Amino acid sequence: MSAVSYPAAEPIFAAYAHDMGPAAAVYTESVQEYEDVEIKIEVIIELEPEPEPESESAPVSSASVPTPPPAPEPVLLSVVEPAPEPEPEPYPEPYAYPAPEPAVGEFISLGIFELTAYCLCARCCGIWSAEHPSRIGTGFVQRSASGTIPQAGRTIAVDTSVIPFGTYVKINGHVYIAEDRGGAIRGNKIDILKPDHETAMRFGRQRAEVFIKVVG
Ligand SMILES: [Zn+2]
């Protein structure tokens, strides 16, 4: 076969050279290989930078050349005046953090307790009862373990390692005072003093949430 020669794409390179401007020269070379494949190699060489055009401040007659309108003031879109930081709200004086402890006078829960009831009879209090045979005729005054005169509706027996003497204890909405102890009252157990034995036995064994009053 005979080799086919394609004309060089002169218009394209001319356009390149035009785009590059006079600061660049376009060198092109066409190489013909094989039979009908033309490989074009372009080498674009950066030449010296184009010199800055001469300032057009040459003295000219203002009458012959109209004064161009002044360039508009540049608008700086990227510079935004930051909004001023708001002044922090002043703390009320004196500032107080929330109390980590329950407030004095508040009742806090101790959880669920097992409740029983007793009275001042010898069956309930043994030798500590004024009704005990050994106390009859001795002038013995029955007192609670804390020394108070026990009173139904106020006195309860507690485990003092759980509820100290003198603690106000709210059970089912009624406030008692921990004044007494009992041999079977250990841990989360409370014995509630009732006015008579029958009432105590009728109370039986119950469970309820117990609250104690916070003291200062
Ligand atoms: Zn009793």
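Let's step back to the whole chain. The protein has three helices and eight strands, and starting at the N terminus their order is α-β-β-β-α-β-β-β-β-α-β. Of the 216 residues, 13% are buried. If we take the contacts with a separation of 6 or more, 60% of them are between residues 24 or more positions apart.

So where do S4 and S7 belong? They are part of a closed barrel of six strands, in the order S3-S7-S4-S6-S5-S8, and the pairing is mixed. From one strand to the next, the twist averages 45 degrees.

S3 and S8 are antiparallel, with eight bridges between them, and Glu-114 is found opposite Arg-207 of S8. S5, residues 168–171, is antiparallel to S8 as well, through three bridges. Here Ile-171 has Val-210 in S8 as its bridge partner.

On to the core. Which residues have the most contacts inside the largest nonpolar core? They are Tyr-118, Ile-156, Val-158, Val-169, Ile-190 and Ile-192, in a core of 22 residues. Two or more core residues come from each of these elements: strand S3 (107–118), helix H2 (122–125), and strands S4 (155–157), S6 (174–180), S7 (189–193) and S8 (206–213). S3 is the top contributor, giving four residues.

Beyond its neighbours within four places in sequence, Val-169 touches Ile-156, Ile-163, Tyr-176, Ala-178, Val-210 and Ile-212.

Asn-172 lies between S5 and S6. Is Asn-172 buried or exposed? Asn-172 counts as exposed, because there are 10 C-beta neighbours inside 10 Å, and the cut-off for exposed is 12 or fewer. There is also something to look at in the backbone: the phi of Asn-172 is near 55 degrees, which is a positive value in a residue that is not glycine.

Let's move to the segment after S8, where we find Val-214. Val-214 counts as partly exposed, because 15 C-beta neighbours lie inside 10 Å. Setting aside neighbours within four places in sequence, Val-214 is in contact with Pro-102, Ala-103, Val-104, Gly-105, Glu-106 and Ile-108.

The mean pLDDT of the chain is 79, with 63% of the residues at 70 or more. Two stretches deserve a flag. Residues 11–18 stay under 50, and the model gives them four contacts beyond four places in sequence. Residues 22–34 are also below 50, and that stretch has 32 contacts in the model beyond near neighbours in sequence. Where pLDDT is low, the predicted coordinates should not be read in detail.

Notes:
Residues are numbered from 1 along each chain as its sequence is written. This is a predicted model: local features need pLDDT of at least 70, side-chain atom pairs count only at pLDDT 80 or more; totals for chains, interfaces and linings use all residues. A nonpolar core is a set of buried Ala, Val, Leu, Ile, Met, Phe, Trp, Tyr and Cys residues joined through C-beta atoms within 7 Å. A residue is buried if 20 or more other C-beta atoms lie within 10 Å of its own, exposed if 12 or fewer, and partly exposed in between; C-beta atoms are placed from the backbone. Two residues are in contact if their C-beta atoms, placed from the backbone, lie within 7 Å. Two strands pair if DSSP finds at least two bridges between them. pLDDT is the predictor's confidence in each residue, from 0 to 100. Axes are lines fitted to C-alpha atoms, for helices over the stretch in contact, and angles run from 0 to 180 degrees between N-to-C directions.
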